[in-house]
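Here is a short report for a reader who is new to this fold. Please look through the sequence and the model before reading on.

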Amino acid sequence: MSMARREMLAGGLLFGALGMATWLTPRTRMNLLGRQDLEALVPENFGAWKSSYDPSLVVPIKEGSLTDTLYDELLTRRYVNAATGAQIYLMIAYGGTQTDALQLHRPETCYPAVGMRIVERERFTLPVAGREIPSVALVAQAPGRTEDIVYWTRMGPRFPQTAGAQRSDKLQLAMKGIIPDGVLIRASLIRDDGETHFEELGAFLSGLVSAVPPSKRAVLIGPRALEPSAG
């Protein structure tokens with residue numbers, strides 16, 4: 001093969017690779033939060049649940065920190081049930097751009113990072129405001145503490161239940177030219193008995209979302225037309 005032909009072939013391959021890279025570059029941002037504010041969007045009181053100020057949950061986000069980099073908004077609250085006295089902790093983390101460098105950190109990673117082992121994990125579908133939301137239930141333990149957790153993650157129109165599915169969903173959406181937003185919605189309580197409280201936590205989250213006006217729920221439970229996750 002002549003030098004000129006080899007150069008033409010190499011140039012063609014390079015051009016093709018550049019074209020493929022351009023084609024795979026996401027072009028459309030999916031931001032379901034828009035100009036809404038989580039603090040105003042999420043009700044402080046609903047049903048028997050009332051938000052109670054807890055200074056231990058107020059953690060200033062330092063500029064340039066990992067939390068500041070990953071999330072555009074972070075909401076943490078403690079709710080108390082006026083009828084039973086039960087306490088549930090809510091955390092909602094929203095990131096407007098889900099890429100390889102910026103993506104939601106799942107509780108299976110965060111809890112062990114602070115010394116709590118995940119001793120039970122269950123995937124299930126949670127009925128929320130007329131929708132079926134793929135969710136995850138966890139039990140995390142440390143000496144003298146057992147915490148029950150129910151959460152879901154939304155990435156664009158999908159609800160990945162594992163870290164692998166989250167990576168796969170992000171790639172598949174990128175191949176469609178979409179940079180998705182992402183939200184992690186987590187409810188937890190510190191157990192004082194031997195029973196799991198997944199049902200109570202699920203009912204809390206369902207009631208919370210149902211208390212949000214239907215026109216504003218998309219940031220929490222996605223657009224009306226959902227896509228199946230990778231798993």
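Predicted model: local features only at pLDDT ≥ 70, side-chain atom pairs only at ≥ 80, totals over all residues.

Residues are numbered from 1 along each chain as its sequence is written, and side-chain values use heavy atoms, with hydrogens and water left out.

**The sheet**

Helices (H or I, at least four residues) and strands (E, at least two) are DSSP runs, numbered from the N terminus. Two strands pair if DSSP finds at least two bridges between them. Eight strands form an open sheet in the order 2-3-4-5-10-8-7-6, and the pairing is antiparallel. Its edges are strand 2 (45–46) and strand 6 (117–128), each of which pairs on one side only.

Strand 10 covers residues 182–190. Strand 5 (residues 87–95) runs antiparallel to strand 10, joined by seven bridges. Strand 8 (residues 145–155) is also antiparallel to strand 10, over nine bridges. Strand 8 pairs with strand 7 (residues 131–142) as well, through seven antiparallel bridges.

The table lists some residues that face each other across these pairings.

| Residue | Partner and its strand |
|---|---|
| Tyr94 | Val183, strand 10 |
| Arg154 | Val183, strand 10 |
| Gln141 | Thr146, strand 8 |

In a regular strand the side chains alternate between the two faces of the sheet.

**Burial and turns**

A residue is buried under 20% relative accessible area, exposed over 50%, and partly exposed in between (1.4 Å probe, protein chains only). Strand 10 is mostly covered, with eight of its nine residues buried. Strand 8 is mostly covered too: 10 of its 11 residues are buried.

The hairpin of strand 7 and strand 8 has two residues between the strands. There, Gly144 takes a positive phi near 80 degrees. Ala129 sits in the loop between strand 6 and strand 7. Ala129 is not a glycine, yet its phi is positive, about 50 degrees. Ala129 counts as partly exposed because its relative accessibility is 26%.

Where is Glu147 found? It is found in strand 8. Its relative accessible area is 5%, so Glu147 is buried. The side chain of Glu147 makes a polar contact of 2.8 Å with that of Tyr111. Another polar contact of 2.8 Å joins the side chains of Glu147 and Ser188.

Asp181 lies in the loop between strand 9 (178–180) and strand 10. Asp181 has 0% relative accessibility and therefore counts as buried. Its side chain makes a polar contact of 2.8 Å with the side chain of Tyr94.

**A pocket**

On a 1 Å grid over the protein atoms alone, a pocket is an open set of points with protein on both sides within 12 Å along at least five of seven lines, and lining residues have an atom within 4 Å of a point. The second largest pocket holds about 180 Å³ of space. Its lining includes Gly85, Tyr89, Leu189, Arg191, His197 and Glu200. Strand 5 and strand 10 each supply at least two lining residues. By class, the lining has four nonpolar, three polar and three charged residues.

**Helix 5**

Helix 5 (residues 163–175) has 13 residues, which at 1.5 Å a residue should span 18 Å, and its end C-alpha atoms are 19 Å apart, so the two agree. The expected span is 1.5 Å times one less than the number of residues. The buried residues of helix 5 are Ala165, Gln166, Asp169, Lys170, Leu173 and Ala174. An α-helix has 3.6 residues a turn, so residues three or four places apart point the same way. Gly177 follows helix 5, with a positive phi near 85 degrees.

Conventions: 1 Å grid on protein atoms, 1.4 Å probe; cavity = no way out; pocket = protein on both sides within 12 Å on 5 of 7 lines; lining within 4 Å. Points joined across faces, edges and corners; volume = space filled by probe spheres on them. Nonpolar A, V, L, I, M, F, W, Y, C, P; charged D, E, K, R; others polar. Polar contact = N/O pair within 3.5 Å; in protein donor to acceptor, adjacent residues only side chain to side chain.
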